[in-house]
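The sequence and structure come first, and the description follows.

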Amino acid sequence: MARAVQGPLWFQLYVLKDFDFNRKLVRQAEEFGYSALVVTVDLQTGGKREKDLRNGISIPLRPSLRHVLEGIAHPAWSFRLLRGGFPQFENVRGYLGDTSAGLTIAARVGRNLHAGFDWDDFRTIRDWWKGLLIVKGVLNPGDAARLIGEGADGIWVSNHGGRQLDGAVSSIDAVGAVHDAVGGQASVMIDSGIRTGMDVIKAKARGATASAIGRAALLGAVEGQAGVERVLDLLLEEIATGLKLCGVPGFQLVGPDLISPVVAG
Ligand SMILES: Cc1cc2nc3c(=O)[nH]c(=O)nc-3n(C[C@H](O)[C@H](O)[C@H](O)COP(=O)(O)O)c2cc1C
């Protein structure tokens with residue numbers, strides 16, 4: 001990635017049980033000049049993803065007739081997949097002595113996630129990484145305040161796109177309290193459910209400095225790079241239109257007043 005991409009890069013770490021391997025990944029990110037480390041804390045184990053189960057999406061993938069038919073129905077996507085090959089998990093190549101980087105190693109990583117991640121572990125990683133450190137997957141305002149107290153630079157409010165804990169609070173409902181808890185001392189990002197420019201504006205009104213997208217970008221990626229660029233253009237257009245319709249001349253001016261209940265007067 002670092003060789004292929006111009007511009008700032010953030011490295012996202014899933015914390016594994018093996019802290020030597022975690023250390024290796026963090027050191028690599030440093031060597032390749034990554035500007036921020038994102039430590040994801042909401043994947044202590046894989047959630048039960050019922051839609052994946054229903055759609056036969058598993059790691060490793062067990063191809064079915066339905067997948068083949070879907071592939072035939074989407075020839076451009078299939079062609080790109082055949083040309084580019086299956087995604088490889090290069091960062092974990094070599095983990096547990098496995099020299100592959102395909103879905104088999106991804107499954108092994110999934111079985112070795114560190115479910116017991118605690119404050120000592122956080123401090124260890126904070127000591128390793130001197131640059132900006134953002135913690136992703138925070139919904140609890142108390143955790144957010146303590147993380148900033150323990151040296152995190154930013155909080156990424158996320159419920160992993162609703163893919164982990166069924167019943168978790170939505171990010172948009174959590175972000176206001178998280179913002180208040182960190183008292184404006186740190187940047188608060190949000191993701192999970194951001195689909196339109198108005199979602200980005202509403203998140204900002206509730207205290208999110210920045211919004212991130214997961215599946216919106218992936219849905220565009222069905223059309224390759226151009227599709228992802230189209231998604232970003234659409235979001236930017238919608239933000240611009242939304243700001244005009246709200247009567248706000250700039251994104252940074254969006255504040256909580258925009259979503260206060262209308263009081264008859
Ligand atoms: C296919 C897929 C793979 C993901 N992989 C990761 C990952 O490796 N690390 C991570 O922190 N989050 C991962 N996520 C979660 C996203 O980073 C993000 O939190 C989520 O997709 C946001 O919700 P949204 O899809 O509604 O925008 C993944 C999400 C999807 C859909």
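## Strands and helices of the predicted model

Strand 3 (residues 132-138) pairs with strand 4 in the parallel sense, over four bridges. Within this pair, Val 135 stands opposite Ile 155 of strand 4. The model in which these elements are seen is a predicted one.

Both strands belong to an open sheet of six strands, whose order is 1-2-3-4-5-6 and whose pairing is parallel. Its edge strands are strand 1 and strand 6, each of which pairs on one side only. The table lists the pairs by name, with the number of bridges.

| Strand pair | Sense | Bridges |
|---|---|---|
| Strand 1 (residues 10-14) and strand 2 (residues 36-40) | parallel | five bridges |
| Strand 2 and strand 3 | parallel | five bridges |
| Strand 3 (residues 132-138) and strand 4 | parallel | four bridges |
| Strand 4 (residues 154-157) and strand 5 (residues 187-190) | parallel | four bridges |
| Strand 5 and strand 6 (residues 210-211) | parallel | two bridges |

Between strand 1 and strand 2, which pair in the parallel sense, Trp 10 has Ala 36 of strand 2 as its bridge partner, and Gln 12 has Val 38 of strand 2. Val 39 stands opposite Val 135 in strand 3. Val 135 in turn stands opposite Ile 155 in strand 4. Further along the sheet, Val 157 stands opposite Ile 190 in strand 5, and the bridge partner of Ile 190 in strand 6 is Ser 211.

Strand 1 and strand 2 pair over five bridges. From strand 1 the chain passes through helix 1 (residues 19-31) to reach strand 2, in a right-handed β-α-β crossover. Helix 1 lies across both of these strands and runs at about 175° to strand 1.

Strand 4 and strand 5 pair over four bridges. The chain gets from strand 4 to strand 5 by way of helix 8 (residues 171-182), and this β-α-β crossover is right-handed. A right-handed β-α-β unit is also made by strand 5, helix 9 and strand 6.

### Helix packing

Two packed helices are described by the angle between their axes and by the distance between the axes.

Helix 7 (residues 141-149) packs with helix 8 at an angle of about 35°, and their axes are 8 Å apart. The crossing of helix 7 past helix 8 is right-handed. On the helix 7 side the contact is made by Pro 141, Gly 142, Ala 144, Ala 145 and Ile 148, and on the helix 8 side by Ala 177, Val 178, Asp 180, Ala 181 and Val 182. Sorted by class, the residues of this contact between helix 7 and helix 8 are eight nonpolar, one polar and one charged.

How do helix 9 and helix 11 cross? The axes of helix 9 (residues 197-205) and helix 11 (residues 224-246) come within 7 Å and cross at roughly 60°. Helix 9 is therefore oblique to helix 11. The crossing of helix 9 and helix 11 is right-handed. Helix 9 contributes Gly 197, Met 198, Val 200 and Ile 201 to the contact, while helix 11 contributes Leu 235, Glu 237, Glu 238, Ile 239, Thr 241, Gly 242, Leu 243 and Cys 246. By class, the contact of helix 9 with helix 11 holds seven nonpolar, three polar and two charged residues.

Terms used
Residues are numbered from 1 along each chain as its sequence is written. This is a predicted model: local features need pLDDT of at least 70, side-chain atom pairs count only at pLDDT 80 or more; totals for chains, interfaces and linings use all residues. Axes are lines fitted to C-alpha atoms, for helices over the stretch in contact, and angles run from 0 to 180 degrees between N-to-C directions. Angles under 35 degrees count as roughly parallel, over 145 as roughly antiparallel, 65 to 115 as roughly perpendicular and the rest as oblique. A crossing is left-handed if the near helix is turned anticlockwise from the far one by less than a right angle, and right-handed if clockwise. Two residues are in contact if their C-beta atoms, placed from the backbone, lie within 7 Å. Ala, Val, Leu, Ile, Met, Phe, Trp, Tyr, Cys and Pro count as nonpolar, Asp, Glu, Lys and Arg as charged, and the others, Gly among them, as polar. Two strands pair if DSSP finds at least two bridges between them. A crossover is right-handed if, with the strands pointing away from the viewer, the path from the first strand over the helix to the second runs clockwise.
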